[in-house]
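Please read them with the model open beside you.

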Amino acid sequence: FFFSSRRRHTRYPLVTGVQTCALPIWLLDIQAQYAGTFVGDQRIRALCDKYGAQSLADAMKRSLDHSEALMRAAIREIPDGVYEAEDWVEGVYAKNWPADPVRIKVRVTVAGDEMHFDYAGSGSQSSGGINCPFAVTCNSTWFTVKAITDASIPINQGCYRPIHIAAPEGSIVNCRFPAPVVSGNTETSPRVIDLLLKALSAAVPDRVIGQSNCAACSGVFGGPDPDAERVRRTGKPIVSIVEPHGGGMGARATQDGVNGIRVYVGNAGSLPVEYIEQTMPLTVQEWALVTDSGGAGRYRGGLTARRSYRVEFDTASFTVAGERGEFAPEGYFGGRPGAPFLCTVTDAEGRARSVPPKGATEVLQRGDRVSLNPSGSGGYGRPAERDRQAVIDDVLDGYVSRESAVRDYGVRDLPESS
């Protein structure tokens with residue numbers, strides 16, 4: 001395959017496989033987006049040629065109106081009322097910066113076939129990159145409404161005509177330029193979704209889930225590559241990696257949560273171990289679900305997944321963009337909270353130090369071990385109501401410890417592990 005650069009009139013070869021692409025990744029990203037837009041334009045033109053522009057416009061309008069009608073019908077099933085919640089987004093732990101948490105707050109009004117979301121009372125925008133542009137807050141709001149109504153409704157702007165959103169300008173949920181926003185997309189955005197589910201749990205308890213890990217929880221490594229042969233092959237003396245990590249998704253009204261997953265609006269997951277070890281001076285020593293990280297409940301919260309790396313850089317920098325180190329994911333209706341975020345660096349002599357969820361930069365040396373746990377997730381319903389056999393199965397699978405089975409679920413006569 002070949003991609004062309006119009007500016008330089010150069011044809012770049014694209015050969016599939018690791019380490020064989022002549023294009024920088026950022027350019028591939030842009031070209032993929034351009035290609036999608038280009039093909040979309042061609043398809044629209046073809047439809048206009050076949051059916052006429054006016055007929056196509058009429059069909060589009062009918063599609064929007066149809067989705068709107070279905071969404072209004074779904075909203076009418078939600079009890080009218082005012083539902084409120086507040087929570088806290090964790091701050092950025094950088095030198096000489098305030099790491100204070102920032103309040104997020106919402107007031108949801110359901111009236112007939114419309115919903116109004118007012119984020120007044122949310123904290124001011126931050127000097128750290130945890131701010132949401134208004135569009136991101138709208139997306140989190142629309143996502144939540146779609147999730148608690150009818151997933152089969154065709155997605156288009158007609159769905160969102162009955163949804164009205166207000167957020168104070170200059171706040172963390174409607175920041176004013178200039179403001180850093182990267183973790184507003186990857187951390188604050190899912191925290192807003194959890195906030196909305198918390199508010200709406202009183203209205204539609206069977207459609208919400210326990211709180212989730214709510215973060216890309218990306219581990220960021222960077223430094224000089226000491227592998228001369230790899231540098232010769234790639235031409236990259238300095239390498240870096242940004243790796244998202246899966247945590248727990250909250251328990252549901254009728255099912256346990258999901259283990260080791262990126263939740264809500266995230267679109268990237270953990271990288272394959274083989275890719276990391278082939279392209280980076282890192283060895284993945286462990287990738288495992290963490291026992292007892294899902295909150296106890298009638299339905300158990302999803303477990304987080306821990307990844308541990310042995311550092312093969314001579315010297316490297318490391319930071320994390322995560323969440324819920326201070327505010328663990330809550331359970332609902334008697335469900336217990338999940339385990340909080342945890343990240344440690346252990347040096348070659350066994351001395352361990354903790355790394356906060358956001359902002360701090362650690363200097364790593366060869367032989368250090370980095371262990372990164374996103375948070376788990378909250379349970380749903382009282383643990384005493386959980387099916388006894390489900391608790392036994394969890395113990396045998398390693399999801400729940402024997403101690404937790406006794407303490408949280410009251411199940412004592414456990415079989416010996418096979």
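1. Two strands are taken to pair if DSSP finds at least two bridges between them, and the elements themselves are DSSP runs numbered from the N terminus, helices being H or I of at least four residues and strands E of at least two. The model is predicted, so that local features need pLDDT of at least 70 and side-chain atom pairs count only at pLDDT 80 or more, while totals for chains, interfaces and linings use all residues. Residues are numbered from 1 along each chain as its sequence is written, and side-chain values use heavy atoms, with hydrogens and water left out.

2. Strand S7 (residues 218–224) and S8 pair in the antiparallel sense over six bridges, and within this pairing glycine 222 stands opposite serine 240 in S8. Both strands belong to an open sheet of four strands with antiparallel pairing, in the order S8-S7-S11-S14. Strand S8 (238–243) and strand S14 (362–365) are at the edges with a single partner strand each, so one side of each is left without a neighbour in the sheet. Neighbouring strands here are turned by 20° against each other on average, direction ignored; for such angles, axes are lines fitted to C-alpha atoms, for helices over the stretch in contact, and the angles run from 0 to 180 degrees between N-to-C directions.

3. Another open sheet has four strands in the order S3-S4-S5-S6, and its pairing is mixed. Its edge strands, S3 (81–89) and S6 (163–166), each pair on one side only, and the twist averages 15° from one strand to the next. S3 pairs with strand S4 (residues 102–111) in the antiparallel sense over nine bridges, where valine 82 has threonine 109 in S4 as its bridge partner. Helix H4 (residues 182–200) packs on this sheet and touches S3, S4 and strand S5 (114–118), its direction making about 145° with that of S3; contact here means heavy atoms within 4.5 Å.

4. How many aromatic pairs does the structure hold? There are seven, where rings of Phe, Tyr and Trp (its six-membered ring) pair if their centres lie within 6.5 Å, and planes under 30 degrees apart count as stacked, over 60 as edge-to-face and the rest as tilted. One of them joins phenylalanine 333 and tyrosine 380, a tilted pair at 5.1 Å centre to centre with 55° between the planes. Phenylalanine 333 lies in the loop between strand S11 (315–321) and strand S12 (342–346), and tyrosine 380 in the loop between strand S15 (369–373) and helix H7 (388–397), so the pair ties together parts that are 47 residues apart in sequence.

5. Two backbone details deserve a look in the model. Most residues other than glycine have a negative phi, and most peptide bonds are trans. The peptide bond from phenylalanine 177 to proline 178 is cis, with omega near -5°, and proline 178 is found in the loop between S6 and H4. Aspartate 292, in the loop between strand S9 (282–289) and strand S10 (305–311), has a positive phi, near 70°.
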